[in-house]
Every structure is written in C-alpha cells, then in structure tokens.
Amino acid sequence: MKKDKPWIFRTYAGHSTAAESNRLYRTNLQKGQTGLSIAFDLPTQTGYDSDHPLARGEVGKVGVPVAHLGDMRTLFRDIPIAQMNTSMTINATAPWLLSLYIAAADEQGAPRAALQGTTQNDIIKEYLARGTYVFGPGPSLRLTRDVILFTTREAPKWNPMNVCSYHLQEAGATPVQELSFALATAIAVLDEVKKAGLAEADFNDCAARISFFVNAGMRFVTELCKMRAFTELWDEILRDRYDVADEKTRRFRYGVQVNSLGLTEQQPENNVYRILIETLAVTLSKGARARAVQLPAWNEALGLPRPFDQQWSLRMQQILAYETDLLEYGDIFEGSTAIARKVAELKEAARAEIAAIDAMGGAVAAVDSGYLKSKLVESNARRLAAIEAGEQVVVGVNRFTETEPSPLTTGEDAIMVVPDHVEAEQVGGLVAWRAQRDGRAVKAALVELEAAAREDRNIMPASIAAAKAGVTTGEWGATLRAVFGEYRAPTGVGAARNAGTDDLAGVRAEVERVSGRLGRRLKLLVGKPGLDGHSNGAEQIAVRARDAGMEVVYEGIRLTPAEIVNAALEEGVHCVGLSILSGSHLALVRDVMDRMKAEGLDDVPVVVGGIIPQQDEAVLRAQGVAAVYTPKDFAINMILADLVKIVERSAVKTQ
C-alpha cells in the first residue's frame with residue numbers, strides 16, 4: 001500500500017552563538033530532522049545589536065544572535081541552503097533576517113528560485129501575544145507586504161508569511177478566538193497586498209504562498225475539529241472574499257508547534273504524554289494534516305532543553321510517521337457526524353467573531369482599540385481560574401500531586417544553561433565586524449535603505465544590498481525606527497473584565513486591612529524589564545491584583561531597569577514585581593536592585609516571577625529578592641496573599 005509522505009520534522013532551536021547553533025543544526029539533521037526552525041535571540045528579533053543597552057543579559061538566551069552577514073554565514077556553515085527547508089520565527093525584523101539569509105544563499109550559489117522555507121512575519125499577533133513588535137501597524141503591514149511581493153516574484157517556493165495562531169493560544173485564546181483572530185489577521189494582510197494593484201493572477205500567487213502556524217492543546221477532539229474548521233474557513237474566505245477560483249490556491253497549508261502553555265513544572269515527565277496527544281490532533285486527520293511539525297521538549301517549563309531533550313521530541317515524530325500505519329489511510333474522520341457537528345459549531349462562532357472584527361474596521365483597528373488584547377487577557381484569566389478551582393484538571397498540578405522524585409530532573413546538567421561569557425564573545429565579534437568592513441559602503445547602503453523606507457519602495461532590495469555591505473541588525477533597526485517611529489501596543493489590562501476567580505474575599509480583606517495600616521491603598525508595580533515580550537503572566541497578576549483591591553502600576557513590556565525604578569519612585573509603590581521569562585533574570589534583577597538601592601528604595605520589597613531554575617532562585621534571594629515564583633506557583637490568589645504579607649512585613653521593619 002502506498003503511504004503518504006511524512007510531514008517535515010523540525011526542532012525549534014538556536015542558542016548562545018551562531019557557531020554553537022550551527023553545530024546543533026548539523027547534529028539534528030544527522031539524526032533525521034528534515035527541516036530547520038531557527039530561534040533568534042530577543043535583540044535580533046527587536047532590531048538591536050548585541051551591545052545595545054537593552055540587549056544586556058538577553059544575548060543568546062532564547063535563541064541565536066544574528067547581528068550581521070558574518071553571523072548568518074556561520075549559522076549555515078556546511079549546511080547547503082538550496083537543499084534546506086528553513087523556518088525563521090522572526091516578525092518585526094523579518095525583512096532583514098530574510099535579507100541576510102538571501103545574501104548568504106547568494107554567496108553559496110543557491111538560486112533564489114530554489115529557496116524553500118518560511119518567515120513568520122505576522123506582526124499582529126506580536127501586538128497581542130508575543131511582544132517582539134517594533135513599528136506601528138501601518139508600517140509593519142507595509143513591510144509584511146514588501147516581503148510577500150518580493151518573494152512571490154524572486155523566491156516563489158518561499159512562504160513569506162506564517163499567520164501565527166500558535167502564540168494566541170499560548171496567550172489564552174479559545175479555539176474560536178484562535179480561528180477568528182488568525183483569519184482576521186490573514187484578511188488584513190491580503191487587503192494590504194491588494195493595495196499594490198496587482199493583476200488577478202499575481203494576487204492569487206501571493207494568496208497561495210500565505211501559510212499558517214498553529215497550536216494544538218490537550219482537548220484532542222476539539223483541536224482536531226479546529227484544524228478541519230481552519231481548512232474550510234480559509235477555502236471559503238479566499239473563494240468568497242477574494243474571488244480565488246483555483247481550489248489548489250485556496251488550500252490551507254500549515255505548520256505546527258504543539259502547546260507549550262500546558263507543560264508543567266510539577267511532574268514534568270508527564271509532559272511527554274501531553275506532547276504526543278497534542279501531536280495526534282494535527283497528524284491523524286489527513287484532510288487537515290500539518291505540513292511541518294516541531295515539538296517542544298518535555299522540560300521547557302524548567303529551562304532551556306538539552307540536545308537529548310530535543311532528540312526525544314524528534315524521535316516521537318519519527319516513531320509516529322514510520323512505525324505506525326497513520327500514513328497509509330485516507331481521512332479516517334470523514335463521515336463522522338460528531339466531528340462534522342463540532343466543526344460546524346466552531347465555524348459558525350468564528351464567522352460571527354470575524355464579522356464583529358470587520359465591523360470595527362478589521363484586525364488593525366481591533367488591535368488599536370485594545371479589543372483583541374483584552375479578550376485574550378479575559379480568556380486566559382478564565383483558564384487560570386478554572387485550574388485554580390480544580391474545574392480544569394491538570395495531572396500533577398491540581399490533582400494526583402503525590403509523586404516519586406524524578407531521576408530525569410536531578411543533577412547539575414538537568415537543563416541547559418547559556419554560559420555568561422557568550423554575551424562578551426558575541427559583542428567582541430560584533431566590534432571586530434564593524435572594524436573590518438567598508439565604512440563608506442555601509443553609509444551608502446543605509447542612505448539607500450532610508451530612502452526606500454521613506455519613498456514606499458519595496459524594502460527588500462535595499463535590505464539585501466545593506467546585508468552584503470556589512471550593515472548590522474541594530475543599524476537596520478535604527479534606520480527604520482527613524483523613519484517609522486516606535487509603537488506601544490495596548491496591554492489589555494485596563495479593559496479586561498474580571499474573568500478570574502470569584503474567591504477573592506479573603507485576599508480583598510487582607511488588602512483592606514494592610515492598606516489601612518499603611519495609611520493608603522496598597523500599590524503594586526508589575527514590571528517587564530528587558531526585551532522579553534511574553535506578558536501573559538504579568539497581565540494576569542496585574543488584573544487579579546486590581547480585582548483584589550490593590551492599586552496596580554503596569555506599563556507593559558520592554559522597560560529598562562532605570563524606567564522601572566523611576567516608576568517605583570514616582571508612584572510610591574509598596575512592592576515591585578518583576579516578570580522575566582527569557583532567562584535573563586540574574587542580570588536584570590541585579591540591575592534593578594542596584595538602582596533601587598541607589599534611589600533609597602531598598603526598603604521596597606522586590607519579587608520575581610519566571611522560568612527560573614532552583615540554583616538561580618538561591619542567587620536571587622541572596623541579592624535581596626523577597627520571593628521567587630515559577631510555573632509551579634499557579635494559584636494567583638495565593639501569590640497575592642503572599643505579596644500582602646511581604647508588604648506588611650516590610651512596613652513593620654521600617655516603622
């Protein structure tokens with residue numbers, strides 16, 4: 001019996017330096033991985049060089065730093081780009097990283113027409129869920145359009161955009177919200193492409209290259225139905241909104257990473273089963289099967305996965321594809337009335353939400369108004385409240401918590417740690433790169449880049465020329481910031497309704513009692529220092545603290561330690577809570593603590609939340625941090641009650 005071809009096997013990877021990441025990629029390819037998925041560090045994602053003040057502590061932590069063409073060359077050393085299918089999780093700086101990739105491909109002699117892969121390039125979900133945006137919606141959509149138009153002409157096998165619902169689910173989106181918000185984003189992008197005045201055939205070519213990147217959670221049947229709904233709704237939108245006649249052009253093409261939000265710090269070995277079940281939702285149904293799959297590692301709630309952990313996830317895919325008979329059959333769910341009923345229910349609800357977004361003026365207007373963000377914050381609050389109340393069972397977290405010690409999480413090398421010297425080495429290499437390049441060529445390339453941006457010419461040719469001239473990521477970012485300005489998206493906290501637990505009476509009473517003792521309302525500052533844009537946890541703390549009666553100061557993501565300390569001073573807060581998920585907690589917390597001491601705020605307690613290994617928790621406490629919270633601390637009411645006690649103890653000490 002003829003079997004279908006397996007999907008592309010990927011592992012989302014990149015860390016420390018381009019050389020270390022290249023070594024990891026080549027090893028993974030030797031193990032049977034069939035595509036690359038590049039994780040970039042936060043300075044690269046937000047358009048800063050590794051020696052920028054905002055990059056401090058962030059270099060090489062959540063991905064690989066790529067500051068110039070030399071880094072991209074190193075990243076693909078001994079890897080033939082023409083033979084690769086490369087996915088790049090990059091958004092605000094997508095035109096630039098694609099330009100570096102094309103420049104490296106040109107050097108290897110790879111024809112642009114042969115390049116295969118994807119740039120994520122979905123800026124709307126960055127405003128909502130991930131936070132690596134730079135420019136406002138108008139300029140950002142223009143840059144997205146530029147990439148689409150350029151690649152459709154120059155690199156027709158490349159997917160210039162992945163409409164990314166993955167991070168929406170990570171931010172708490174329901175299946176209906178994931179469907180509707182992602183499809184509304186795709187509509188906004190296609191409308192932007194339409195403005196270019198393309199001929200019908202050219203527009204259809206652009207539409208055919210739009211792909212999606214989705215999530216799959218633990219509600220297996222619902223997730224499977226969601227994917228079938230996606231395929232049918234996308235076909236409907238292209239046919240009815242955009243008059244795309246060709247059925248193949250309307251095909252829904254997607255890659256997936258299954259849910260990381262549900263991976264637990266408690267009993268983390270259970271995550272292996274969660275990952276497998278979630279993978280079935282995007283592979284079992286032939287009519288809605290993923291084209292590419294990348295799986296998280298079982299221990300991501302603890303820290304960075306090791307090569308062994310990534311191999312474990314890769315082997316899961318290979319066993320599913322090669323040892324089972326999954327690929328020998330047609331769609332085994334075709335004809336199921338239960339599946340058809342659920343798909344129809346999801347489609348109806350998603351159509352209604354898309355219509356509501358249309359009535360607001362589309363996805364961009366719904367971002368600017370804060371509507372989309374506030375809905376995600378509310379949904380996430382309901383999810384967390386259900387877990388806290390035990391209504392949503394999470395094995396090992398709120399039920400069946402008795403456990404044996406896990407041999408998988410013991411020892412010094414249980415997770416991967418990026419060495420401290422990595423940042424200095426990367427900065428040293430960047431300084432050397434600047435010193436050896438042709439300064440006049442760089443200046444001329446930047447002048448041309450700025451002109452292209454101001455004159456609304458396609459940004460890609462000037463960006464590729466800049467890459468070849470030796471321009472750095474920070475210089476590209478600074479040039480476009482000077483033209484387009486910067487943007488701060490709505491946080492959603494102010495507009496979000498109380499969608500969390502109603503069991504706040506005890507915490508409210510304590511807030512009132514301690515506020516009376518303080519002589520004014522207890523005030524909490526929730527801060528996101530550094531470049532980490534994953535704000536879901538910070539938002540939930542801010543919303544619940546507000547609902548518990550605290551006065552809350554929350555100014556969103558990407559604040560410098562100096563800005564946080566200045567806000568603490570000006571607002572007269574009683575406690576500072578820092579949320580850091582990028583692994584840069586030691587450097588950033590130390591900076592905040594030093595600045596608070598210099599401003600005479602050393603009597604204001606500081607608490608920290610994030611993915612923080614036990615050994616780092618001890619270091620933070622030694623620096624004076626009052627409490628450290630990690631994913632195992634899922635009960636927000638208990639955290640808030642703890643904060644009230646910390647503030648009271650601090651007040652007693654200073655009286």
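A salt bridge here is a side-chain nitrogen of Lys or Arg within 4 Å of a carboxyl oxygen of Asp or Glu. The model is predicted.

**Salt bridges**

Side chains of opposite charge can pair when their charged atoms come close. By the rule above, the count comes to 50 salt bridges.

| Pair | N to O distance | Accessibility of the Arg or Lys | Accessibility of the Glu |
|---|---|---|---|
| R73 and E107 | 2.7 Å | R73, 38% | E107, 45% |
| R544 and E388 | 2.9 Å | R544, 3% | E388, 22% |

Take the pair inside one helix. E345 and K342 both sit in helix α13, residues 337-360. They are three residues apart, so about one helical turn separates them.

The R73 and E107 side chains meet in a salt bridge at 2.7 Å, N to O. R73 belongs to helix α3 (residues 69-75) and E107 to helix α4 (residues 94-108), so this pair ties together parts that are 34 residues apart in sequence. R73 counts as partly exposed at 38% relative accessibility. E107 counts as partly exposed at 45%.

R544 is buried, with a relative accessible area of 3%. E388 is partly exposed, at 22%. Elsewhere, salt bridges that share partners join R142, R145, D146, E192, K195 and D456 into one network.

**Strands**

An open sheet holds five strands in the order β1-β10-β9-β8-β7, and their pairing is parallel. Its edge strands are β1 (8-10) and β7 (161-164), each of which pairs on one side only. From one strand to the next, the twist averages 25°.

Within this sheet, β9 (residues 254-257) and β10 (residues 292-294) run parallel and are joined by three bridges. G255 has A292 as its bridge partner in β10.

Strands β11 (residues 523-527) and β12 (residues 551-554) also run parallel, with four bridges between them. L524 stands opposite V552 in β12. From β11 the chain crosses through helix α21 (residues 536-547) to β12. This β-α-β crossover is right-handed.

**Around D49**

Where does D49 lie? D49 is in the loop between α2 (42-45) and α3. Is D49 buried or exposed? At 7% relative accessibility, D49 counts as buried, because buried means under 20% relative accessible area.

A polar atom of the D49 side chain lies 2.7 Å from the backbone nitrogen of G474. Leaving aside neighbours within four places in sequence, D49 is in contact with P43, A55, A67, L430, R434, T472, T473, G474 and E475.

Technical notes:
Residues numbered from 1 in each chain as written. Predicted model: local features only at pLDDT ≥ 70, side-chain atom pairs only at ≥ 80, totals over all residues. Heavy atoms only, no water. Pairing = 2+ DSSP bridges. Helix = DSSP H or I, 4+ residues; strand = E, 2+ residues; numbered from the N terminus. Axes fitted to C-alpha atoms, helices over the stretch in contact; angles between N-to-C directions. Right-handed = clockwise from strand over helix to strand, strands pointing away. Buried < 20%, exposed > 50% of the residue type's maximum accessible area, 1.4 Å probe, protein only. Polar contact = N/O pair within 3.5 Å; in protein donor to acceptor, adjacent residues only side chain to side chain. Contact = heavy atoms within 4.5 Å.
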